[in-house]
Amino acid sequence: MKKVSIVGSGNVGTNAAFYIAEKRVADVLLVDVIEGLAEGKSLDLMEAAPIRGYDIGIRGSSSIEDIRGSEVVVIAAGKVRLPGMRREDVLEENTQIVAPICEDIARFASDAIVIVVTEPVDALTHFTMKKTGFKREKVMGVAGVLDSVRLRYFISRKLGVSPLDVTAMVLAGHHDYMMPVFQYCRVAGIPITELLPKKELNDLRKQVRNAGGEIVSYLKTGSAFYAPAASVAEMVEVIVRDKKRILSVPAYLQGEYGIDGICLGVTILLGAQGVERIFELRLTEEQTSALKYSASVLEEMQKKMLKTWGLN
Amino acid sequence: MNKVSVIGSGNVGATTVNYLAEKKTADLVLVDIIEGMPIGKSLDFVQSGPIRRYDVEIVGSNDFASIRDSDVVVVTAGLPRKPGMTREDLLIKNASIIERVSEEVATYAPNCVMIIVTNPLDVMCYVALKVSGFALKKVVGMAGILDSTRFCYFIAEELGVHPLDVTALVLGGHGDQMVPLPRYTVVSGIPITELLSEETIESLVERTRKGGAEIVNLLKTGSAFYAPAASVSEMVEAVIRDTKRILPCSAYLRGEYGLEDVFVGVPAKLGKDGVESVIELSLSKKEREALEASALTVRKNIEIWEAARRSAKAGVKG
């Protein structure tokens with residue numbers, strides 16, 4: 001059985017372990033710096049196993065060296081935003097949290113593929129790549145998978161069809177300028193541009209951009225974790241089982257779409273080797289300039305972050 | 001618990017029961033006129049239940065009364081085409097089976113959705129509709145979903161991507177008369193026209209058209225049943241769970257695509273009432289002509305059936 005480690009046993013980390021267990025993808029190690037937390041949660045999960053019928057092992061630990069031998073390491077540690085905060089507002093604090101984790105990953109699991117959940121995810125994916133010194137294929141974030149699953153849900157409700165028949169694609173940064181690419185959003189193969197008028201598409205764009213914030217405003221003391229954890233589990237399963245799925249994730253660009261040296265959401269082929277291919281899709285002129293705008297906003301933040309840490 | 005009955009306990013019928021039991025979709029009844037056969041198969045199923053963890057009932061029966069009050073009735077009964085048999089012979093023989101079955105379904109399960117699998121598919125749907133007297137949306141045929149799952153598989157294999165990410169849309173009849181729509185056929189939303197050359201797409205379409213025959217040639221003594229049964233059970237799920245799936249199905253048309261009083265493969269929204277709507281796509285001239293040709297063949301077959309039925313009635317009277 002393969003091994004997946006999840007660093008950070010908050011709601012996203014623990015629920016990702018839960019989904020991974022239910023699908024019997026791999027043995028899971030939950031790690032947290034808070035003594036006892038990961039052990040307690042993993043014990044609770046394992047005690048459900050006889051009813052839920054999973055036969056993989058879930059273990060908790062407060063020693064990060066236990067990630068040795070992991071195929072995939074998920075970084076789900078860090079602060080989440082609260083009402084009124086933007087994702088960028090947790091950048092400084094979360095880089096401090098993620099930096100030592102990166103060093104430990106490089107030391108104990110240097111062959112692993114790393115999935116970054118911690119916000120702001122585009123910047124921290126870039127940070128993780130530089131800090132671990134891993135190749136770009138091995139590091140990616142969770143954003144497009146989450147944004148597009150949310151958009152799939154919104155489209156299915158608007159049209160009154162099963163979410164199973166809806167596919168969606170959201171590119172660019174996981175921030176206010178994230179970009180649904182509607183000609184690639186389909187219902188049973190039919191572009192939603194043939195099924196919905198422009199005004200409805202604009203509403204959907206607003207809705208998906210605000211989706212994370214909407215849940216934060218309801219929960220007040222935290223942010224969404226079921227759909228984020230489902231997205232993590234999906235990506236982990238694709239890598240562990242080498243499923244070669246086409247998904248969008250924040251990845252490091254080297255000239256694709258004319259963008260160089262930053263991380264942002266693009267369409268990739270995901271498999272056992274990580275980011276196995278980056279697709280450059282046929283975007284409209286308007287979409288290309290929106291992507292570049294999102295990139296320029298991210299570039300400023302990412303350059304500044306790397307400079308502060310002396311990483312280049 | 002909902003109830004689904006499957007008429008015909010051959011490989012497609014029995015494998016459909018297998019898939020539905022695994023997904024715990026509904027209580028299941030397998031019916032056949034061959035004495036003992038459906039009872040034996042259902043016993044075999046329930047005896048695998050403790051390992052496979054079924055908690056639905058599975059019953060086999062030689063008596064149509066056991067389908068009473070089913071929510072869905074799947075009709076797989078019929079003969080395969082045998083050497084030396086003309087298409088017309090097959091049509092007449094299977095139409096008489098469907099007539100009998102449809103009368104029984106109308107008697108015992110008058111509120112069900114009927115899913116027809118028997119070939120030639122589109123005309124058998126028409127026979128079932130007319131004989132049962134059911135509402136138009138309550139009779140639907142399985143064909144397009146099978147062609148599209150085959151097409152999806154071939155595309156995934158060609159591109160080296162996961163089949164889950166491939167969605168294909170086909171219209172028209174089954175096999176030779178299939179009308180594939182490459183620009184509506186996508187991988188994670190990306191049209192295959194952006195990923196594959198025209199020649200490659202054409203060769204995958206050809207393989208899909210002949211997908212059934214390819215398997216018959218390999219098996220020699222029978223035809224495919226796993227993919228057909230998977231396709232049927234997907235449709236059953238959509239109806240029982242009212243999931244509003246958009247699936248290519250054979251549906252009765254009333255002017256959609258300019259076609260009337262005929263069953264043809266089109267994208268349809270499936271829910272608890274059967275075909276809840278037919279989705280009309282903008283087609284190219286070539287695609288429209290291919291769809292019309294497909295409908296014309298079905299129409300001709302309907303006329304053959306109607307003529308045979310008239311002469312049979314006249315024969316009885318005479």
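Tutor: Chain A is divided into domain 1 (3-141) and domain 2 (144-308), with bounds that come from an automatic or database domain assignment. This is a predicted model, in which local features need pLDDT of at least 70 and side-chain atom pairs count only at pLDDT 80 or more, while totals for chains, interfaces and linings use all residues. Residues are numbered from 1 along each chain as its sequence is written, and chains are lettered from A and ligands numbered from 1 in the order in which they are written.

Taken over C-alpha atoms, the centres of domain 1 and domain 2 of chain A are 21 Å apart. Contact between the two involves 38 residues of domain 1 of chain A and 35 residues of domain 2 of chain A; two residues are in contact if their C-beta atoms, placed from the backbone, lie within 7 Å.

On the domain 1 side of chain A, at least two residues each come from α1 (11-22), β4 (72-75), α4 (91-108), β5 (113-116), α5 (121-132) and β6 (139-141). Helices (H or I, at least four residues) and strands (E, at least two) are DSSP runs, numbered from the N terminus. The largest share of this side, eight residues, is supplied by α5(A).

By residue class, the side of domain 1 of chain A that touches domain 2 of chain A holds 22 nonpolar, six polar and ten charged residues. Here Ala, Val, Leu, Ile, Met, Phe, Trp, Tyr, Cys and Pro count as nonpolar, Asp, Glu, Lys and Arg as charged, and the others, Gly among them, as polar.
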